[in-house]
Amino acid sequence: MKVTLKVWRQKDKNDEGRFVDYAADEVSPDMSFLEMLDVVNVGLVKKGEIPIAFDHDCREGICGSCGMMINGRAHGPGRGIATCQLHMRSFQDGDEIVVEPWRAQAFPVIKDLMVDRTALDRIMQAGGYTSAKTGGVPDGNAILVPKPAADEAFDAAACIGCGACVAICPNSSAMLFVAAKVSQLSILPQGQAEREARVENMIAQMDEELFGGCSNTYACEAECPKGISVRHIGRLNHELLRAKL
Ligand code: SF4
Ligand code: FES
């Protein structure tokens, strides 16, 4: 199949940036979207042009680094998948595909499709951890966790920190990300020591990084590759109120 790509090219964060058209003529429907970009890049290198910069690592939906907007959708068409899990069979022969970086004030463009997502790391540093005494490995059954709590914490822990929730939100809110991280730890007995400080510090850091407030559109849940539910945002609000009281 043949597709035309309209790819955002931007030298660095100070460059204005612009869309550039590329013809991808030898695309297999079984290629992943990133493999298709690899082929386009090989062609660019052969012509002596600078390849399209994009982030990727695991290429199996685990690391969260490959996010980009494809035809206005975070991680492209399809639900519950990251860009690296998107296949070209999701498109038609002759399609025009618009590819852009995440657009949010808190995610400055580094180059082309790569953005700086370290704001999410700083939110994690502000409270996304638990304290544990040093020493021998504790007995596995020393702290019992009820099954419903373990399941709910596991659902929240599925967040891969990709930033799609921010990119698709009209307010560039990071509430779903922060909610998943706070929720995961506040449910578990191991997360109780820093419970109040965690939610207050992570929310303060989120505001400092210039993420917006929740827009209540549920776009974050719809585009999240891990299906993180907005009910975690409800828990985040509850945790914050509890900490304040
Ligand atoms: S909540 Fe979903 S969309 Fe947001 S960072 Fe986590 S995995 Fe990505
Ligand atoms: S490359 Fe790791 S999630 Fe896509």
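Against which elements do the buried residues of α8 pack? Before I answer, please keep in mind that this is a predicted model, in which local features need pLDDT of at least 70 and side-chain atom pairs count only at pLDDT 80 or more, while totals for chains, interfaces and linings use all residues. Residues are numbered from 1 along each chain as its sequence is written, and chains are lettered from A and ligands numbered from 1 in the order in which they are written.

Helices here are DSSP runs of H or I with at least four residues, strands are runs of E with at least two, and both are numbered from the N terminus. The buried residues of α8 are His232, Ile233, Arg235, Leu236 and Glu239, where buried means that 20 or more other C-beta atoms, placed from the backbone, lie within 10 Å of the residue's own, and exposed means 12 or fewer. Seen down the axis of α8, these residues fall within an arc of 155 degrees, so they line one face of the helix, the arc being that of the directions from the helix axis to the C-beta atoms. They pack against α3 (147–157), α5 and α6 (195–208), with contact taken as C-beta atoms, placed from the backbone, within 7 Å. The face turned away from that buried side carries the exposed residues Gly234, Leu241, Arg242 and Lys244.

Let me turn to the domains, whose bounds come from an automatic or database domain assignment. The chain is divided into domain 1 (3–105) and domain 2 (117–131 + 145–244), and 28 Å separate their centres, taken over C-alpha atoms. Between them, 16 residues of domain 1 are in contact with 13 residues of domain 2.

Conventions
Two residues are in contact if their C-beta atoms, placed from the backbone, lie within 7 Å.
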